Amino acid sequence: MATIEECRSALDKLSDSMAGADGDVRSAAALDRSLSCHVTDLDVTFVGRLRDGRITVLDTVEGLPPEKAEIRLAMTGDDLVAMVDGELNFAKAWGSGRIKLEAGLRDLLRLRKLL
């Protein structure tokens with residue numbers, strides 16, 4: 001089972017990858033939205049912001065966050081690490097329900113380019 005530190009590191013790596021992307025991927029990640037990533041097996045949520053193609057983690061809370069973020073992810077720690085390392089296909093994991101992504105319709109349409 002991935003640790004909180006490994007999950008945080010994976011989010012930092014994902015942020016670096018998104019910031020270094022170009023084209024459609026870069027424009028899809030160029031939103032300014034509140035973001036949460038609930039690591040279900042650790043029952044911890046990373047709360048932050050997606051802005052200018054980067055993820056900034058502002059806080060780590062136990063359980064679900066007190067406020068609902070505009071973009072919400074939920075998955076196990078192992079799935080988060082595997083996805084960022086390229087060992088787990090996001091689209092397939094999302095389609096099977098292994099990873100949950102909730103956002104407004106417009107955001108989902110933009111984020112699909114990241115898939």
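Contact here means heavy atoms within 4.5 Å. The notes below use that cut-off for Ser36 and elsewhere.

The model is predicted: local features need pLDDT of at least 70, side-chain atom pairs count only at pLDDT 80 or more, and totals for chains, interfaces and linings use all residues. Residues are numbered from 1 along each chain as its sequence is written, and side-chain values use heavy atoms, with hydrogens and water left out.

1. Ser36 lies in strand E1. Helices (H or I, at least four residues) and strands (E, at least two) are DSSP runs, numbered from the N terminus. Ser36 counts as buried because its relative accessibility is 5%. The cut-offs are under 20% relative accessible area for buried, over 50% for exposed, and partly exposed in between (1.4 Å probe, protein chains only). Setting aside neighbours within four places in sequence, Ser36 is in contact with Thr45, Phe46, Pro65, Ala69, Ile71, Arg72 and Leu73.

2. **Helix H3.** H3 spans residues 77-84 and is mostly covered, with six of its eight residues buried. Which residues of H3 are buried? They are Gly77, Asp79, Leu80, Ala82, Met83 and Val84. The cover over the buried residues of H3 includes H1, strand E1 (32-39), strand E4 (71-75) and helix H4 (90-95). After H3 comes Gly86, with a positive phi near 85°.

3. **Ala93 in H4.** Ala93 sits in helix H4. Ala93 is buried, because its relative accessible area is 3%. Beyond its neighbours within four places in sequence, Ala93 is in contact with Leu88, Arg98 and Ile99. Asp22 is 71 residues from Ala93 along the chain, and the C-alpha atoms of the two are separated by 24 Å.

4. **Two positive phi values to check.** Most residues other than glycine have a negative phi. Asp43 has a positive phi, near 50°, and is not a glycine. Asp43 is in the loop between E1 and strand E2 (44-51). At 41% relative accessibility, Asp43 is partly exposed. Asp52 also has a positive phi, near 55°, in a residue other than glycine. The loop between E2 and strand E3 (54-62) holds Asp52. Is Asp52 buried or exposed? Asp52 counts as exposed because its relative accessible area is 55%.

5. Side chains of opposite charge can pair when their charged atoms come close. A salt bridge is scored when a side-chain nitrogen of Lys or Arg is within 4 Å of a carboxyl oxygen of Asp or Glu. By this rule there are eight salt bridges. Asp16 pairs with Arg54, with the closest N and O atoms 2.6 Å apart. This pair links distant parts of the chain: Asp16 is in helix H1 and Arg54 in strand E3, 38 residues apart. Asp16 is partly exposed at 44% relative accessibility. Arg54 is partly exposed too, with a relative accessible area of 35%.

6. **Arg51 and Asp32.** Arg51 forms a salt bridge with Asp32, the closest N and O atoms being 3.2 Å apart. Distant parts of the chain are linked here: Arg51 is in strand E2 and Asp32 in strand E1, 19 residues apart. Arg51 is partly exposed at 42% relative accessibility. Asp32 is partly exposed at 37%. A network of salt bridges joins Asp32, Arg49 and Arg51.

7. **Arg72 and Glu102.** How far apart are the closest N and O atoms of the salt bridge between Arg72 and Glu102? The value is 3.4 Å. This pair also links distant parts of the chain, with Arg72 in strand E4 and Glu102 in strand E5 (residues 100-103), 30 residues apart. Glu102 is partly exposed at 40% relative accessibility. Arg72 is also one of the contacts of Ser36.

8. **A negative patch.** Glu5, Glu6, Asp41 and Asp78 gather in a patch of negative charge on the surface. Patch residues have over 30% relative accessible area and no salt bridge; like charges are joined within 9 Å, and nonpolar side chains (Val, Leu, Ile, Met, Phe, Trp, Tyr) within 5 Å. Glu6 belongs to helix H1 (residues 4-19). Glu6 is partly exposed, because its relative accessible area is 41%.

Technical notes: Accessible areas come from the Shrake-Rupley method with a 1.4 Å probe; for residues, only the protein chains shown count as cover. Lys and Arg count as positive and Asp and Glu as negative; His and the chain ends are not counted. The place of a charge is taken as NZ of Lys, CZ of Arg, CG of Asp or CD of Glu.
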